[in-house]
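Student: I would like to go through this model with you. Could we begin with the overall fold and then turn to details?

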Amino acid sequence: MANKLSSRQQAQLAVLEQLPRRFQQLHRMIEESAAPRADETLQRKLVRNLDELKAQTAGIGLGALTETLGVMSMLARRTGGNQMRVRGLQEGLVSLKINYDGALRSATTPEAEVPEKG
């Protein structure tokens with residue numbers, strides 16, 4: 001008998017399916033912010049996207065993704081050297097993709113049924 005995915009896993013998959021497209025958007029915004037012509041509007045849009053993703057992942061129990069998105073959001077808000085901020089965001093995006101792979105693997109692996117007592 002094949003194990004089915006739990007409702008929590010199905011909810012996680014629904015959010016995880018949207019993330020690769022959002023990762024491409026984040027990558028594009030990070031690369032645009034590295035350019036000398038980048039303005040404050042782009043930074044606000046990047047922070048808003050990171051915060052939206054953080055809220056979505058926190059709502060369904062994807063802790064590693066939520067934590068990484070929170071760090072990236074905090075880093076994007078910082079002032080100071082643009083090169084340091086861009087480098088940190090690029091590394092954060094790599095970490096985000098690694099955490100995404102783990103979360104996807106966890107969400108698609110059926111959980112073992114726990115026998116009830118009684």
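Student: How many helices and strands does the protein chain have?

Tutor: The protein chain has five helices and zero strands. Both are DSSP runs numbered from the N terminus, helices being H or I with at least four residues and strands E with at least two. This is a predicted model, in which local features need pLDDT of at least 70 and side-chain atom pairs count only at pLDDT 80 or more, while totals for chains, interfaces and linings use all residues. Residues are numbered from 1 along each chain as its sequence is written, and side-chain values use heavy atoms, with hydrogens and water left out.

Student: What radius of gyration does the protein chain have?

Tutor: The protein chain has 17 Å, whereas a compact globule of 118 residues would have a value near 13 Å. The radius is taken over C-alpha atoms, and the globule rule is 2.2 Å times the number of residues to the power 0.38. Along the principal axes, the C-alpha atoms fill a box of roughly 65 × 25 × 20 Å.

Student: Which residues of α3 are buried?

Tutor: They are Leu42, Gln43, Leu46, Val47, Asn49, Leu50, Leu53 and Thr57. Buried means under 20% relative accessible area, exposed over 50%, and partly exposed in between, with a 1.4 Å probe and protein chains only.

Student: Where do they sit around the axis?

Tutor: They cover an arc of only 160 degrees, which puts them on the same side of α3. The arc is that of the directions from the helix axis to the C-beta atoms. On the other side of α3, Glu40, Ala55 and Gly59 are exposed.

Student: What do the buried residues of α3 pack against?

Tutor: They pack against α2, α4 (63-77) and α5 (82-108). Contact means heavy atoms within 4.5 Å.

Student: Which residues does Leu19 touch?

Tutor: Not counting residues up to four places away in sequence, Leu19 touches Leu53, Leu65 and Tyr100. Leu19 and Leu53 are 34 residues apart along the chain, and their C-alpha atoms are separated by 8.4 Å.

Student: And helix α1, which of its residues are buried?

Tutor: In α1 (residues 7-16), the buried residues are Gln9, Gln12, Leu13, Val15 and Leu16. They line one face of the helix, because they fall within an arc of 165 degrees seen down the axis of α1. Their cover includes α2, α3, α4 and α5.
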